[in-house]
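Subject: Handover of a structure, with notes

Dear colleague,

I am passing the structure below on to you, together with my notes on what was found in it. Please read them with the model open beside you.

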Amino acid sequence: MTTDDCNYLEDFVTDVEEMLSANISKSWREGNHTNNSGCGSVSVGFPITMMITGMVGNTLALILVYISYRKRENKRKKSFLLCIGSLALTDLFGQLLTSPIVISVYLAEMKWELVDPSGRLCAFFGVCMTTFGLCALFLASAMAIERAMAITNPHWYANHMKTSVTKQTLAAVWCLVLLFALLPIAGVGKYTLQWPGTWCFINMGDNQIPGNTFFAITFAVLGIFSLLVTVFCNVVTIRGLIIRCKTKSGTSHASKHWERLTTETVIQLLGIMCVLLICWSPLLVLMLRMISSQVSSHKCNSAKAVSNHTPGGDLDCNFYLTAIRLASLNQILDPWVYLLFREILLRKFCIVATAVSNCSIEEQKETQTALDALNKQNQDGHCFHKPQSS
């Protein structure tokens, strides 16, 4: 074998080794990416679906609110319609400002630095998440308070609750929440990239800086407080509706109309409470737990968690992603539980319930009539066969 042949063979072996090394390195990186993705259900289809459904639902709600607000017979409902319209507008803007960013990061192979080289987009995303999240919770509380006052103190409500007061209250909520969301820009708190690298939110793992801890705890406490206020006021409203329904019970058309309206409102309020608690409780409770245990979402993406495949790590990643998705899902469900379900489904439900109730009443009447006839027949027969006394 000549020297040239030996050199050619050595070059060939070297090329093969480099090729194998590159393939192994590529396979290892893909395996890490797969395991990281397996830590939660991450797909671009989810944010696209949420953006489309959120836009459709909130747009329909805004149209219905505008039509109802223009009607003269809805003067007493204008404050409530303003609250619903503000909530739908808040949720719509929240979807429009955050969902395109998430979709862009997914299309960039989940590399945030390609979409946001300067890091300013992360801060903007965090401000949007904080502002629209707290605004939705506070507006829900405002509507619950408004309904409770309308039911428990109707005379005071009619004299003092004007549309100008409602507009001022809504503007104050917006301004205060926005100022709170801008605190990290002033140095109190921090917005950081969250797992799986497609969104930014409050930094909850760095407790060494007091401002970060204060900001994160304040957000969670304000969210939980608004949930408690909403639930308490809705319970008060349901109790007031039931009491007034009992006082107005009767056979007149007005009493039946009040009973139907009470049923619709109670079902709606129960739906609102269930949606709010299911959507927001997991994230707010998880935030407090992460702050107390000094756990950051970046640990979901750690090499140790990926290599060891610990079930606890996978569960934390999945739960964390599910919690933020549930909170985002609230923006989609809000227009339905506050307005669209009431207009479309609740009336059909009440019609069906009334029909079933009427059928049950008729069956009871028929059964009672048959029993009365049978008892009468037995009594007649008993009298007919009764022996005469001698």
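E109 sits in the loop between α3 (78-107) and α4 (112-115), where helices (H or I, at least four residues) and strands (E, at least two) are DSSP runs numbered from the N terminus. This is a predicted model, in which local features need pLDDT of at least 70 and side-chain atom pairs count only at pLDDT 80 or more, while totals for chains, interfaces and linings use all residues. Residues are numbered from 1 along each chain as its sequence is written, and side-chain values use heavy atoms, with hydrogens and water left out.

The phi of E109 is near 60°, a positive value in a residue other than glycine, and M110, found in the loop between α3 and α4, likewise has a positive phi of about 60° although it is not a glycine. Most residues other than glycine have a negative phi. E109 is exposed, with a relative accessible area of 57%; here buried means under 20% relative accessible area, exposed over 50%, and partly exposed in between, with a 1.4 Å probe and protein chains only.

A search of the whole structure finds one disulfide, a term that stands for a pair of cysteine sulfur atoms within 2.5 Å. It joins C122 to C200, with an S to S distance of 2.0 Å, and with -115° about the S-S bond the link of C122 and C200 is left-handed. Because C122 lies in helix α5 (residues 120-152) and C200 in strand β2, the pair ties together parts that are 78 residues apart in sequence. Both C122 and C200 are buried.

C135 is in no disulfide, and the nearest cysteine sulfur, that of C175, is 9.3 Å away; C135 counts as buried, at 0% relative accessibility. C175 is also in no disulfide, but is partly exposed, with a relative accessible area of 49%.

Strand β2 (residues 199-202), which holds C200, pairs with strand β1 (residues 191-194) in the antiparallel sense over four bridges, two strands being paired if DSSP finds at least two bridges between them. The bridge partner of Y191 in β2 is I202. β1 and β2 form a hairpin with four residues between them, and G197 in the turn has a positive phi of about 90°.

Finally, I63 is found in helix α2 (residues 45-70) and counts as partly exposed, at 44% relative accessibility.

Best regards
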